[in-house]
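Work through the exercises below with the model open. Each task is followed by a stepwise solution.

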Amino acid sequence: MAKLTIPSEELMVGGHVACPGCGAALAMRLLLKGLGPKAVMVIPACCWAVIPGAMPGTCLKVSTVFSSFESTAAMASGIKAGLRRTGRGDVPVVGFAGDGGTADIGIQALSGAAERNEDFLYVCYDNEAYMNTGIQRSGSTPEYSWTTTTPRGLEKRTSKKDMPMILDAHRIPYVATANPSFPEDFVAKAKKAASLKGTRYLHILADCPTGWKHDPSQMVEVGRLATMSHLFPLYEIEEGRLRITWAPSNPVPVEKYLRAQGRFKDLTAEQIEEIQAEVKARWEGLKAREAREKKAVEKEAAPPEVSAAPTPHPAAPVSETVYVKPSPPLHFP
Amino acid sequence: MTVTLHNRRLTGPMAWTSTADTSTAGSWRNQRPRLIPEKCTGCNVCWKFCPEPAITIVGKKVDFELDVCKGCGVCAEVCAPEAIEMVPEESA
Ligand SMILES: Cc1ncc(C[n+]2csc(CCOP(=O)(O)OP(=O)(O)O)c2C)c(N)n1
Ligand code: SF4
Ligand code: SF4
Ligand code: SF4
Ligand SMILES: [Mg+2]
């Protein structure tokens with residue numbers, strides 16, 4: 001047998017009720033490989049509240065608590081406090097919520113917990129809509145995507161919320177993005193996140209063949225294209241420093257990713273070009289940030305320069321004017 | 001804690017993990033994977049990506065747990081040597 005590149009232990013078993021080819025199911029399976037058997041999961045209303053199966057059956061070999069839609073982070077904080085108080089503070093607590101439960105309804109509980117730096121890992125599996133209730137748009141639905149509440153001709157006209165960066169702005173110890181189409185990178189991040197203290201956030205792109213409208217067999221490929229096109233970059237931010245963990249040297253056009261999915265079927269060439277331009281700009285922003293922070297670390301590590309000449313008064317910093325492209329006006333035909 | 005209820009072993013105080021004998025997730029599948037053993041290299045890639053999971057690999061022997069496999073076709077799609085074919089249930 002070829003050498004395994006991810007742990008063999010399965011903490012999720014077959015027989016659950018996710019749709020065929022569900023990316024969120026693969027995400028949970030990989031996540032648990034990184035977390036280990038001791039984790040306590042807090043799951044709010046979302047597809048994953050249903051996927052484990054009808055009680056008293058479950059596909060998860062870890063303890064699971066179901067929370068109300070908006071309170072994942074609050075409940076995880078409370079469970080952690082209870083465990084600490086009863087001498088079991090080493091038990092890892094993990095919130096596992098959808099994008100609706102994270103970017104929309106659960107954001108205030110999450111933001112509050114992150115600000116208090118509560119000791120748990122929060123995982124958002126982002127399938128870019130409210131899938132469990134029938135594909136309604138969420139704050140995490142990308143621009144120009146079809147959903148049942150942004151139907152043909154009325155596709156979403158605003159950008160996707162950038163949740164990992166919103167969490168990074170809370171100055172928490174660890175923020176990372178992961179993609180189940182890249183299992184080794186995924187499991188490594190889950191392991192690292194589990195090993196740290198304080199609020200940690202993992203943002204997962206979870207393909208949903210049912211809502212994204214493509215054949216279930218394409219799940220891994222569609223996810224792969226998202227990262228291969230730089231649309232969903234793989235990075236981690238540890239103690240405020242960003243590092244791109246893997247990236248293709250030659251990205252594929254974002255059109256390949258979009259055209260693989262029925263939800264983007266009606267996109268015009270101009271809209272694809274616009275998305276491509278935005279993906280490129282965001283990617284360059286990430287690269288620039290990575291380079292800047294790397295330089296800062298090197299400078300910190302280097303011994304201070306000793307100069308005989310008196311140091312001149314530092315010049316006033318030149319403020320750079322950043323041009324922000326205005327978003328297109330809301331347009332409803 | 002292990003509790004026995006209706007002859008079932010519970011892995012916790014409230015729930016048991018579904019197994020092939022308790023789940024019928026595979027009963028509504030419309031196609032199933034079939035291995036072409038000569039082509040299989042035992043690379044584990046299908047196992048890595050199965051969202052159930054319904055694949056076990058021992059040596060080069062790839063085994064599909066058909067009670068829970070939903071026939072999504074992911075395994076066939078990611079197998080580079082094309083050692084898995086999807087067969088419609090009617091003709092399986
Ligand atoms: C307070 C509240 N409002 C609405 C619902 C109904 N509801 C259940 S799951 C869900 C969608 C969840 O979407 P998301 O968090 O993106 O997870 P997904 O279903 O996509 O996995 C909704 C609206 C609820 N359970 N509770
Ligand atoms: S609707 Fe999408 S996310 Fe929910 S179980 Fe089905 S494939 Fe998975
Ligand atoms: S991916 Fe294909 S070659 Fe590799 S173990 Fe599976 S069936 Fe065999
Ligand atoms: S068809 Fe899908 S569920 Fe069945 S073994 Fe292959 S990947 Fe797993
Ligand atoms: Mg969702």
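**Exercise 1.** Which cavity is the space taken by ligand 4?

Solution. Some conventions come with this predicted model: local features need pLDDT of at least 70, side-chain atom pairs count only at pLDDT 80 or more, and totals for chains, interfaces and linings use all residues. Residues are numbered from 1 along each chain as its sequence is written, chains are lettered from A and ligands numbered from 1 in the order written, and side-chain values use heavy atoms, without hydrogens and water.

Step 1. Ligand 4 takes the space of the largest cavity (on a 1 Å grid over the protein atoms alone, a set of points where a 1.4 Å probe fits but cannot get out).
Step 2. Around ligand 4 are 13 residues, the closest being Cys50(B), Cys69(B), Cys72(B), Gly73(B) and Cys75(B) (a heavy atom within 4 Å).
Step 3. Sort this shell by class: nine nonpolar, two polar and two charged (Ala, Val, Leu, Ile, Met, Phe, Trp, Tyr, Cys and Pro are nonpolar; Asp, Glu, Lys and Arg charged; the others, Gly among them, polar).

**Exercise 2.** Which residues coordinate the magnesium ion (ligand 5)?

Solution. Step 1. The donors (N, O and S atoms within 2.8 Å of the metal, or 3.2 Å for Na, K and Ca) come from Asp99(A) (OD), Asn127(A) (OD1) and Ala129(A) (O), at 2.0 to 2.1 Å.
Step 1. Their spacing along the chain is D-x27-N-x1-A.
Step 2. Check burial (buried under 20% relative accessible area, exposed over 50%, partly exposed in between; 1.4 Å probe, protein chains only). Asn127(A) is buried at 5%. Ala129(A) is buried at 3%.

Key. On a 1 Å grid over the protein atoms alone, a cavity is a set of points where a 1.4 Å probe fits but cannot get out, and a pocket is an open set with protein on both sides within 12 Å along at least five of seven lines; lining residues have an atom within 4 Å of a point. A molecule sits in a cavity or pocket if more than half of its atoms lie within 2 Å of its grid points.
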